[in-house]
Amino acid sequence: MSKKTLIVVGNGMVGHHFLEQLVASPAAAEYDILVFGEEKQLAYDRVHLSEYFAGSTHTDLAMGTSDWYTEQGIQLLLNEPVTGLDRDQRTVTTPKGDYNYDELVLATGSYPFVPPIEGREHPHCFVYRTLEDLDAIRASAQAGKSGVVVGGGLLGLEAANALKSLGLQAHVVEFAPRLMPVQLDTDGGALLRHKIEELGVQVHTEKATTAIVAGEEARLRMNFNDDSHLETDLIVFSAGIRPQDALARSSGLEVGERGGIVVNDQCTTSDPHIHAIGECALWDQRIFGLVAPGYTMARTLASVLNGDQDAAFTGADMSTKLKLLGVDVGSIGDAHGQTPGARNIRFNDEQVGHYRRMVVSEDGKKLLGAILVGDNSHYDTLLQYALNGIALPDNPETLILPESQGGAPALGPDALPETASICSCHNVTKGDICGAIDAGCGDLGSVKSETKASTGCGGCTALLKNVVDSELEKRGVEVSKDLCEHFPYSRQELFHLVKVNGIRTFATLIRQHGRGHGCDICKPAVGSILASCWNEHILATDHVPLQDTNDTFMANMQKNGTYSIVPRIPGGEITPDKLIVLGEVAKQYNLYTKITGGQRVDLFGATLSELPEIWEKLIAAGFETGHAYGKSLRTVKSCVGSTWCRYGVQDSVGMAIRLEDRYKGLRAPHKVKMAVSGCTRECAEAQSKDFGVIATENGWNLYVCGNGGMRPRHADLFATDLSDEELIRTIDRVVMLYVRTADRLQRTSVWMENLEGGLEYLKQVVLEDSLGICAELEEHMDGIVGTYQCEWKTAVEDPEKRKRFREFVNAPAQKDPVQQWTTERDQRRPVLESA
Amino acid sequence: MKARTYWDAVCTVGDLVPESGIAVWTEDGPVAVFYLPHRLPALFAISHTDPFSGANVLARGLTGDLKGQPVVASPLYKQHFNLVTGQCLEDEAVSVKTYPVLLDGDEIRLEVAVNQSETEAA
Ligand SMILES: Cc1cc2nc3c(=O)[nH]c(=O)nc-3n(C[C@H](O)[C@H](O)[C@H](O)COP(=O)(O)OP(=O)(O)OC[C@H]3O[C@@H](n4cnc5c(N)ncnc54)[C@H](O)[C@@H]3O)c2cc1C
Ligand code: SF4
Ligand code: SF4
Ligand code: FES
């Protein structure tokens, strides 16, 4: 049977999601799939478009990879817009040729509406939709001082924030009397305006632009209908979007009065072989300008193509929760109270800047809509009431009152019905989550990867965690944070006990707060806590029995019981003389020698008793321990940076050495890796590290909580354009917070994902000092830096400590008989039969 | 016939590390001696050889107690061994050899089999 051809026009968010759904279904086998994209790039995450200005690249934002398309056998034709559609012949036309289809999917999205104002073609006028738009805005902003956004809606305010981040004085010009007229009411709009103006963005409402002409002090002048004017260097239009329905119009498909390709519940147009999904589709006279409804349409259509008779798109919730210029804004359901008989409950605290409005049904039983400005903490609860029609309590106002004034606590996950939608991006209900747990998912992470919940916009993270925890508890899964049978505390709690009570030994801690004598779980964990708190030598008598063998012998045990040695080579910079010493020592002790991924040299095959001798030689040559054995800072990798590289903008090696010298030896819940790149080309791969630093023209961008290894994760952009001192202070704070609050053996990535509030919360704590602990964190770190000692130096100088390195205490000359060697590629390697 | 044994003096109290182990060489091969001062008796001796890897490393493992039994965790693959019985807690079929151990004045002595060929030659 020859395959049918399915053509998708548009490689945007929804088009891509549709393909993901389709290829995972049986129908995929029936079709040859072709995709046309007008943009040069593969589908990317438009929702997070603004992050492009904060340093994210197309690769970061991309929804998939071209390899994925190849693997799935999908032909992806980018930079090739479809210009014609012949429904009788079933062909589409592009500048490169004609293509036949059996089924056609239009996923063409929408385009920004630019009001017909005289002068709008001026080269410094832009829209805000694609990566190319952003490139053009960035170029224009470079030589400019000010920028205006026309349109005070959701996207307009986001664009204003972007202009501000590009260093421009930002203005917002809005035709309506308030900001976000669609989502907010007068009071909410006023509060938002106030907050935004406080942040230095100037808001001009009730202004209609009549013409754009050449400016006197800036590039452009905007004339308004009230005879006032405003000068600016560039203009971004964000006055709404229009569905991209050009192909539908030219081919006579049914379109809406105000645009949009008319579709039925199956996302099929007036032509049974043509379907439309995403922002270009008009369903029940409505356009959906959000990604979640588009995804729902994509899933519906994939089911329809699989012959599912029942698949239907039944509308979507348009509630939104956002942070605009750092201000929380939320809008749920019928926010304006247009339902007949609807009643309003308002809470307005101008002092702190919180506004909340509930729209309640006539009988006071149901929540119809809500508006939140300044604080979104009530959003999840209110949304669940509205979406699931949960009966309101007798005094519904308690839902929006502060707890100090008798406000009700947030709706517990138990109160939600099985059908409650938890993640709207991926259409995951509470029932789906319970199903995943019943099928074996035992923690948040596995529920996430199984259901995809919380992997879209991320808005549902906190709610998801609550549901998962509560369901696990119900099933009797201990969501126990106990470290082990000896301590009924989490690592964080133990850290607190040690720090607050000034406990300095394991024996004291277990006597006062634990039971039994400890084990291989709690001993190293406590050892690490003690080291993080007091920074005493790890071979101090009390600490020896706490350490894993690698920490005890300050080297990494290999499979035959010998050790490998990794001296510190800060930033990967090493003099030829030191390199020669490494070679000589390796040769003398016949050590297998290998370059590590962290720009150091690893020497394998040293016996226990050789370790102190070898270190004596290395220390004499100026080496220090590299802590490759510890849960502590490993390396700070770097590229050569501005000293040598023609692209470099900062001295990345210098910074790497500075960081490595500062944080070396710090004991942490798990290993910590860092890297510094000298420019955005990122040769040091900093974004795969716990702390990644990338040089900018103005300083350093800091990325946090990435890792390579088993479950790679890109680091998140945390702060931009930091000075040297700011960079170090910021890292100090994040590292210390991690050391204090992470679980045992939790990498920074997992730690951050499990922090309630995630990255945003971390930013608040570290950058805005929302908990008021930053000074303490810095002080703690300074204390640790001040008490650093090279553990190996201390050990080789102390005869008592050296005694530990006797292989057999009663037979110094006895060789370990199982350590047998052979030669491979000119070096020694172990033979070990039973391994 | 029961092999003849003798009490081999392997080290002194000063060689021991509280809450931890050391390795000694005996006629029976490498043995790990642990000193857990909070227990009575406080000395334990088991084979130094980790049965899972074949490497001589058990003395370098972390000690502790699990459900009341004194244990050491192999530093390589982390299985636990009961210090009294030698039984592996994770795998019923695996155990390590144990040795009677006693404190004689300042000396630690292990009971090991007499090497037959040597005694005959002597
Ligand atoms: C700055 C910004 C912030 C946003 N923030 C949010 C948010 O917080 N939450 C939210 O839910 N939504 C947000 N959105 C909206 C969200 O991005 C859209 O709802 C979503 O991208 C719609 O997906 P789509 O596939 O329908 O359209 P698009 O992603 O626009 O994709 C359509 C693609 O089709 C291509 N195309 C069009 N015509 C043709 C043709 N003839 N031939 C070939 N290719 C063609 C276009 O070039 C485009 O690449 C935001 C949008 C922007 C611009
Ligand atoms: S990251 Fe930049 S400075 Fe560093 S080596 Fe690469 S191109 Fe050069
Ligand atoms: S990847 Fe596996 S084999 Fe390689 S060093 Fe790491 S743990 Fe060992
Ligand atoms: S709602 Fe967007 S990720 Fe869950």
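A salt bridge here is a side-chain nitrogen of Lys or Arg within 4 Å of a carboxyl oxygen of Asp or Glu. By that rule, two salt bridges cross the interface of chain A and chain B. This is a predicted model, in which local features need pLDDT of at least 70, side-chain atom pairs count only at pLDDT 80 or more, and totals for chains, interfaces and linings use all residues. Residues are numbered from 1 along each chain as its sequence is written, chains are lettered from A in the order in which they are written, and side-chain values use heavy atoms, leaving out hydrogens and water.

**The interface**

- Contact (heavy atoms within 4.5 Å) links 38 residues of chain A with 36 residues of chain B.
- The two chains bury about 2800 Å² between them, 54% of it on carbon and sulfur atoms; this is the accessible area (1.4 Å probe) lost on being put together, summed over both.
- E807(A) and R60(B) join their side chains in a salt bridge, at 3.9 Å from N to O.
- On chain A, the side touching chain B has 16 nonpolar, 12 polar and 10 charged residues; Ala, Val, Leu, Ile, Met, Phe, Trp, Tyr, Cys and Pro count as nonpolar, Asp, Glu, Lys and Arg as charged, and the others, Gly among them, as polar.

**The lining of the second largest pocket**

- α15(A) gives the most to this lining, with five residues; helices are DSSP runs (H or I, at least four residues), and strands are E runs of at least two, numbered from the N terminus.
- Sorted by type, the lining has 15 nonpolar, 12 polar and 16 charged residues.
- A pocket is an open set of points on a 1 Å grid over the protein atoms alone, where a 1.4 Å probe fits, with protein on both sides within 12 Å along at least five of seven lines; lining residues have an atom within 4 Å of a point.
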